[in-house]
Amino acid sequence: MAIFNGKTIILGAPTAYGFSEIIEQELRYQGFEVFNLSFSHGGPFKYKNIVERLDSYVHKNFLGHRDYKTYLKFKRVEGTMRDRLAEIPRVDYALLIRPDQYSEDIINMIGLKANKTIGYQWDGLSRFPAVYRRIDLFDKFFVFDPKDVRYPNMLPITNFYTNSFDIGYSEEHESDVYYVGTYMKRRASQLEEVITTLQAYGLSVKYHICKFKNRKPSFKYLDTTPVDLTYAENLRFAFNSKILLDVPTVLHNGLSFRTFEAIGFDKKLITTNKEVKKYDFYHPNNTFIWEGQSVERLTDFLNAPYVKLAPHIKEKYSFNHWINNLLREDQVQPAAFPSVDLEPALVYGY
């Protein structure tokens, strides 16, 4: 029997790449009845007129509101969301992932519907500073970046791998190395260096780099696409690859989903995130930290046998355990965050 059989939950999560649908499926797999309040504004964001564009420019560049466009996106769906909330009965839980995307009024309305409210910021807090004003609106608030635990009332948790997908072999999705990510100029050169080095080594690399804007990317040899890859399709590529590649943004130190997909599918991982070495699942046979290494070191890694994780460590990073940690008062296994020694944080927002 599912752990949360018969329980009800309001879900709000990013819709990009079908994430909210994946999380809803995982919640239903755990036994929840789900009321999904995730929202999409319908395609790439467009300003209504030149006045709105100028207003956004002033907020972003002169008032420091870097996520003002997120505010505008939500304003267009807020009325519809109020109507949907009015139809939802009293629920056991509410879970908002990226709560900075929701207005304070809507979060308060959700709080009146739910016995317990949970917030989870799966990006660094400072990347979307509007989140600071929303933290105290939740009963519990979780972060995935170890550095963000220095803020008051923050609880640590990592991302997760999914439990509900039954994925089989597919020749179409097979590769030696697989990478997926959104194009970011700040990591473009490093990403291209890693992929082209692996290709020159003789490995077959499949990659999907999504880029929406028409400006030419700063790649010399890699291609981009304006087409999203759904997370479900991403999982098929990950399952059918020998190694997953992770080149995260430098804006936070939290571990990306590639890390946990590697754990869930018993795959090797190549990553530029040095923080991974601090976690309890790290093993040099399984994870290669890219620092411009010699071909000899890469060869040693590729030839080393994969070392299976202890069952209790692997289970710790599953969605089953993740949702238990979020919602239950007694954690089965505390989240395995490395310790960090940092100065007190400066909290800001608007």
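1. Residues 24 or more positions apart account for 69% of the contacts with a separation of 6 or more in the protein chain, a contact being heavy atoms within 4.5 Å. The model is predicted: local features need pLDDT of at least 70 and side-chain atom pairs count only at pLDDT 80 or more, whereas totals for chains, interfaces and linings use all residues. Residues are numbered from 1 along each chain as its sequence is written, and side-chain values use heavy atoms, with hydrogens and water left out.

2. The protein chain contains 11 helices and 11 strands; these are DSSP runs numbered from the N terminus, helices being H or I of at least four residues and strands E of at least two. Of its 350 residues, 53% are buried, that is, under 20% relative accessible area with a 1.4 Å probe, protein chains only. The chain exposes about 17,100 Å², with carbon and sulfur atoms supplying 50% of that area (Shrake-Rupley method, 1.4 Å probe).

3. The largest nonpolar core comprises 30 residues, and Trp322 and Ile323 have the most contacts inside it. Such a core is a set of buried Ala, Val, Leu, Ile, Met, Phe, Trp, Tyr and Cys residues joined through side-chain atoms within 4.5 Å. Two or more residues each come from β1 (8-12), α1 (19-29), β3 (91-97), β4 (114-121), α7 (231-239) and α11 (319-327). Helix α11 gives the most, with five residues.

4. Beyond its neighbours within four places in sequence, Ile323 is in contact with Phe4, Leu27, Gln30, Phe32 and Leu95.

5. Asn36 belongs to strand β2 (residues 33-36). Its side chain is joined to that of Glu24 by a polar contact of 2.8 Å; the term denotes a pair of N or O atoms within 3.5 Å where, within protein, one must be able to donate a hydrogen and the other to accept it, and residues adjacent in sequence count only if both atoms are side-chain atoms. Neighbours within four places in sequence aside, Asn36 is in contact with Leu11, Ser20, Glu24 and Arg84.

6. Three cavities of 30 Å³ or more are found in the whole structure. On a 1 Å grid over the protein atoms alone, a cavity is a set of points where a 1.4 Å probe fits but cannot get out, and lining residues have an atom within 4 Å of a point. Points are joined across faces, edges and corners, and a volume is the space filled by probe spheres set on them. The largest cavity holds about 80 Å³ of space. Among the residues that line it are Thr259, Lys267, Phe281 and Tyr306. Helix α8 (residues 257-265) supplies the largest share of this lining, three residues.

Methods:
Buried means under 20% relative accessible area, exposed over 50%, partly exposed in between (1.4 Å probe, protein chains only). On a 1 Å grid over the protein atoms alone, a cavity is a set of points where a 1.4 Å probe fits but cannot get out, and a pocket is an open set with protein on both sides within 12 Å along at least five of seven lines; lining residues have an atom within 4 Å of a point.
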